[in-house]
Amino acid sequence: LCLLLLATVPLPLQAAMVVSPEGLASKGSYFWSYVVAWLCIALCLLYSGIIFGWAPLQLLLEEDGVYRSTCGADDPVCSERVSKLVLLYTVGSTGNVIGGAPAGYLVDALGPRYCSILSGAMVSIGMFLLAISDDQSFDAFLPGSCLLGLGGMFITMMSMPVSFVLPESRRTLYLTSLNCLFDASSVVFLLAYQLYKALNVSRQTLFISFAVLCAALHVALFFAWSRGPSQALADVKAAELEDRKVEEAAAAAAAAAAQSSVTDGSGTTNPTQEETDSTDIAPKLSNPNRPPLHGKTVWQQLQTFEFFFAIVFLCFQLYRSNTYLGTNKELLKEMGDADTGYTYTQLFAASLPASTIYTPAISWFIDRYGCVGGYTLILVLGVVYNAVALFDSLPLQFVAFAAFTNFRAFLYSVHFIFLLNTFGSRTSGRVQGVISIFCAVTNFLIWPSTLAASSVDEENKYTYLYGFTLLLSVIPGVLVFLLRRRAWKIKQEQSQRAAVAAPTAKA
């Protein structure tokens with residue numbers, strides 16, 4: 001239903017800092033833009049975060065006898081075998097996180113059309129290696145897992161620029177869908193495991209089928225990009241750069257005019273006609289409402305408050321999110337979940353992809369209240385799940401599950417919408433690549449912080465750990481307050497430019 005809404009439900013776009021795709025409507029390229037969007041949605045649903053559905057894949061590999069030879073006859077699931085399987089997940093998930101850096105750079109440099117070839121090759125080859133590998137004669141499980149994780153991130157990153165060639169009323173819903181489907185893709189291996197068990201479909205048949213489907217979808221995506229959207233995206237990037245040149249030229253002319261200004265008899269400085277004309281640049285811009293960072297170089301953008309906000313907010317919240325994901329099972333176990341047959345642990349795992357159901361609601365909220373409103377809600381949801389986790393009550397954890405599921409959905413959706421709208425189509429991939437590196441480094445702090453909490457008080461370690469993560473909400477809260485002031489200032493400047501441009505447009 002939420003995917004159908006992408007093409008059928010008109011949503012008013014009221015969030016600030018949004019850009020129109022220049023000239024797309026007149027060129028009639030929306031049809032192929034929608035084709036590209038639907039193909040990217042299918043790929044994200046099937047492959048983008050598939051590596052994070054590791055538990056059923058591990059069961060499939062164990063039952064298929066992978067690494068069985070490392071254990072004795074009396075212990076088929078020995079620690080060495082489990083360690084090798086966990087290593088596959090570690091390499092794959094790390095490849096997915098680290099992959100944001102090269103994927104972001106290549107998407108900006110080559111464009112999503114050619115990056116679709118790379119992502120298709122990586123995921124298809126990764127699936128093919130998982131299909132044909134044998135731990136005795138051809139052990140390629142490790143590179144297969146790495147390619148699967150890395151290719152999944154490439155799919156996510158090359159799908160983001162599609163938003164620039166869609167109508168404004170569909171952008172937020174499209175980006176929200178991508179980020180929700182990243183979590184939803186973790187159930188694909190569960191489907192594969194059910195087919196393996198119920199229908200006796202072999203591992204080779206399953207993964208080769210997934211590889212062929214992935215390759216076919218990427219070939220179709222490359223063709224669809226070539227039918228118009230690729231050129232439309234290039235036009236959007238060119239318009240951003242041209243507007244930036246107009247603004248820089250106007251600023252240079254104003255500076256030169258200020259130096260050569262004429263001083264009258266009263267001692268005041270009167271601007272020259274050149275200065276007056278140079279400051280009125282709004283009519284010369286293709287979009288007077290364009291955000292101020294569009295068209296700037298990556299280095300210029302990295303020195304801004306917006307970049308500082310994006311990297312600090314995401315690093316803090318991602319650390320909190322992954323800490324909860326990594327320790328939730330043990331936390332519930334200490335609350336007595338083992339006595340229920342780990343019912344709460346299973347319900348928590350099942351709740352993560354459920355955010356896909358709320359995609360239209362998430363999109364509506366961001367449209368209605370903007371990115372600042374989205375960031376504010378993320379803070380509230382983060383405090384709720386974190387605070388509830390401090391209470392030793394299993395039934396109460398349902399509240400934490402619901403808050404955390406929506407916390408993750410809003411976190412990724414708002415982040416990428418903010419990233420694309422703030423930094424533009426030319427550089428947002430590279431900006432996200434830099435952010436991904438810092439997030440990966442921050443992610444490694446989970447293990448030592450858990451050890452530190454245990455060293456303080458082993459019995460109450462999760463109280464200290466979650467108390468610490470709760471305190472980490474303070475700094476992002478201050479940054480959201482500052483972002484709200486910054487967004488208000490930008491909106492005022494855009495209103496002034498639009499007022500200047502309006503008479504010219506009417507004329």
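Reader: Which residue's backbone oxygen lies 3.1 Å from a polar atom of the side chain of Ser119?

Author: Quick ground rules: this is a predicted model, where local features need pLDDT of at least 70 and side-chain atom pairs count only at pLDDT 80 or more, while totals for chains, interfaces and linings use all residues. Residues are numbered from 1 along each chain as its sequence is written, and side-chain values use heavy atoms, leaving out hydrogens and water. Ser119 sits in helix H7 (residues 112-132), and at 0% relative accessibility it counts as buried (under 20% relative accessible area; exposed is over 50%, partly exposed in between, with a 1.4 Å probe and protein chains only). The backbone oxygen 3.1 Å from a polar atom of its side chain belongs to Ser116.

Reader: How far apart are the closest N and O atoms in the salt bridge of Arg408 with Asp183?

Author: A salt bridge here is a side-chain nitrogen of Lys or Arg within 4 Å of a carboxyl oxygen of Asp or Glu. Arg408 is in helix H18 (residues 397-423) and Asp183 in helix H9 (residues 168-184), 225 residues apart. Arg408 is buried at 8% relative accessible area, and Asp183 is buried at 9%. Their closest N and O atoms are apart by 2.8 Å.

Reader: Asp64 forms a salt bridge with Arg203; is Asp64 buried or partly exposed?

Author: The closest N and O atoms of Asp64 and Arg203 are 2.6 Å apart. Arg203 counts as buried, because its relative accessibility is 5%. Asp64 has 27% relative accessibility, so it counts as partly exposed.

Definitions and conventions:
Helices (H or I, at least four residues) and strands (E, at least two) are DSSP runs, numbered from the N terminus. A polar contact is a pair of N or O atoms within 3.5 Å; within protein, one must be able to donate a hydrogen and the other to accept it, and residues adjacent in sequence count only if both atoms are side-chain atoms.
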